[in-house]
Amino acid sequence: MRLYAVVAAGGFRRYATYRVATAAGVFTNTVFGFVMAYTYMALWQERPRLGGYDTSQALTYVWLGQALLMTCAMMGGGFEDELMERIRTGDIAVDLYRPADLQLWWLAGDLGRAAFHLLGRGVVPMALGALAFDLALPGSPWRWLAFLVSVALGVVVSFAVRFLVALSAFWLMDGAGAMQMAWLAGLFFSGMLLPLNLFPGALGEVARALPWSSLLQVPADVFLGRHTGWDLVRAYAFQAGWAVALLLAGRLLQSVATRRVVVQGG
Amino acid sequence: MAETEAVRVGAAEADRRPEGTAFSDRSRLVEGVRAYGLIVAMWLRSTLAYRASFVMTTVGNFVATAFDFLAIMLMFTHVDALGGFTLPEIALLYGASATAFGLSDLVLGSMDRLGRRVRDGTLDTLLVRPVPVLAQVAADRFALRRLGRITQGLLVLGYALVTLDVEWTPLKVVMLPLMVLSGAAIFGAVFVVGAAFQFFAQDASEVQNAFTYGGTTLLQYPPSIFAQDLVRGVTFVVPLAFVSWLPALYVLGRDYPLGLPGWVAFLPPLVAGASWVLAGLAWRVGLRAYRSTGS
């Protein structure tokens, strides 16, 4: 347990090193936040209470999206490039020899990364958004806490998906295609482009049931106070259910994959 | 492998160059374009060696950008107009901006790798070659898959032209290719300025993304929905409004933002030229300021 805490801290520190890149990222998130906020304002001006949100809730949704984009790695950009590279080059054999669990090791590092991105690229755009627009920020500290739990679950779901994608490199060698598919799905089905409760009919039903809705839609609804009491428990159960299912799938795939590893001599 | 190939291309160029000739700016430009073409041809060969991978990434590029427009179409399942603009009208703004951006992304999109080259010192390799650095950086890892984005932009533009209710005049017809090409040039200048900025900032390529990707997202929506100060900023500071907004509003016969006069819709080629002069200067300043890494 101590080991994984150290790995997580390492993941945090590693991303914390790139200060200029973080500042540049904050700038980009803020610019996109502004552009999207104005489009949402135009949309909600035509149809107030669209999707059950009022205008300030819709604006809050925009800025939550920018704050969680990197945290939940909706467009990829975490450990998966590195893991794929290690699989491709065969360095993975060394990792398998280590007295640490492969999946937990990478999960710990990714949690550290997510924690940094929440602080580094989440807080400042959100604060700037709150200064420029009238956002619906929760008054109760419990709601903030409930939101953070939901974000943490979202990060685990995101990790579990990306771990599965990375393991595909055992079979595909070049996982660029699989990774691209994964981030496309992540971008669209997380609700990053448009809240999932604005998706019409069956598309909406499906989108809300897929694991990616745990990355933004569910945490945002927790933040906006749409899940309280038993409904909050149900939302958590939804996220945790996907997290457990996907982590187990990853574990299964990992054991199949590692049986395929052939260490080349040389 | 790729590096050595590029070196050979550079060396071949040098062989053909007469000894001790001072190059005028004009022949430097020709030389730069030629070098760009050679390096691009090399990357094309290497890209097409893995055809399945090329097809997949191009389709992926297409789908990624198509999701953008899909989101707009989903918005229009709830409303009839956004900021007073109908879906075909927004499709014109979107198609023009996306195609212009796609073209400049295809030609110059690799420039955001400059920061990495400055950090790890591999820029030095480019400096010693007898080929303009800008051409080398621009052609670096030329990505043909970006055709996916252009295809998507053109399709949306086609959809707009089919569904729009516009009284076409010869001037309006001419405006379409003019707007896309000048727009691509304006975005191109932004790419070059962004790259020049990275000589100083090194790992701030995201700032460039804010202006390029962020800019094209902004232009996909009508100016009427944005705050006046934001519109002023993208008209007079970073002249993105000339990419699609002003010429497209002329085609649609709509009022310009900020009470601008009627003739501004015809300025894009001039604005593009001026942007490139400034971008060229910025690039020179950046390149002069470059100090190699110490490690």
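This is a conversation about how some descriptions of this predicted model were reached.

Colleague: Let's begin with T60(A). Why is T60(A) called buried?

Modeller: Buried means under 20% relative accessible area, and T60(A) has 0%, so the residue falls in that class. T60(A) sits in helix α3 (residues 55–71) of chain A. Leaving out residues up to four places away in sequence, T60(A) touches M126(A), L135(A), A136(A), F223(A) and L224(A).

Colleague: What makes the pairing of T60(A) with S56(A) a polar contact?

Modeller: A polar atom of the T60(A) side chain lies 2.5 Å from the backbone oxygen of S56(A). The cut-off is 3.5 Å, so that distance qualifies.

Colleague: Now to chain B. Why does R146(B) count as buried?

Modeller: Its relative accessible area is 12%, and the limit is under 20%, so R146(B) is buried. R146(B) belongs to the loop between α7 and α8 (147–163) of chain B. Apart from neighbours within four places in sequence, R146(B) is in contact with N61(B), D105(B), L106(B), G109(B) and S110(B).

Colleague: How do you know that R146(B) has a polar contact with D105(B)?

Modeller: The backbone oxygen of D105(B) is 3.4 Å from a polar atom of the R146(B) side chain. Polar contacts are N or O pairs within 3.5 Å, so this pair is counted.

Colleague: On to helices. How do you know that the reach of α7 (residues 141–167) of chain A is close to the expected one?

Modeller: This helix has 27 residues and reaches 39 Å from first C-alpha to last, against an expected 39 Å at 1.5 Å a residue.

Colleague: What makes S140(A) a cap for α7(A)?

Modeller: A side-chain oxygen of S140(A) lies 3.0 Å from the backbone nitrogen of W142(A), at the N-terminal end of α7(A).

Colleague: What covers the buried residues of α9(A)?

Modeller: The cover includes α7 and α10 (201–209) of chain A together with α3 (51–75) of chain B. Among the buried residues of α9(A) are G177(A), Q180(A), L184(A) and F189(A). Just after α9(A), G191(A) takes a positive phi of about 95°.

Colleague: Which residues touch the most other members of the largest nonpolar core?

Modeller: Those are Y40(A), L43(A), L92(B), L123(B), F226(B), W245(B) and W283(B), out of 145 residues in that core. Helix α9 (residues 170–201) of chain B gives the most to this core, with 13 residues. Apart from it lies another core of 17 residues, including F79(A) and F159(A).

Colleague: Finally, which helix gives the most to the lining of the second largest pocket?

Modeller: That is α13(B), with eight residues. The lining has 27 residues, of which L29(B), P132(B), L134(B), A135(B) and W276(B) lie nearest the centre. The space in this pocket is about 950 Å³.

Technical notes:
Residues are numbered from 1 along each chain as its sequence is written. Chains are lettered from A and ligands numbered from 1 in the order in which they are written. This is a predicted model: local features need pLDDT of at least 70, side-chain atom pairs count only at pLDDT 80 or more; totals for chains, interfaces and linings use all residues. Side-chain values use heavy atoms; hydrogens and water are left out. Helices (H or I, at least four residues) and strands (E, at least two) are DSSP runs, numbered from the N terminus. The expected span of a helix is 1.5 Å times one less than its number of residues. A polar contact is a pair of N or O atoms within 3.5 Å; within protein, one must be able to donate a hydrogen and the other to accept it, and residues adjacent in sequence count only if both atoms are side-chain atoms. A nonpolar core is a set of buried Ala, Val, Leu, Ile, Met, Phe, Trp, Tyr and Cys residues joined through side-chain atoms within 4.5 Å. Buried means under 20% relative accessible area, exposed over 50%, partly exposed in between (1.4 Å probe, protein chains only). On a 1 Å grid over the protein atoms alone, a cavity is a set of points where a 1.4 Å probe fits but cannot get out, and a pocket is an open set with protein on both sides within 12 Å along at least five of seven lines; lining residues have an atom within 4 Å of a point. Grid points are joined across faces, edges and corners, and a volume is the space filled by probe spheres set on the points. Contact means heavy atoms within 4.5 Å.
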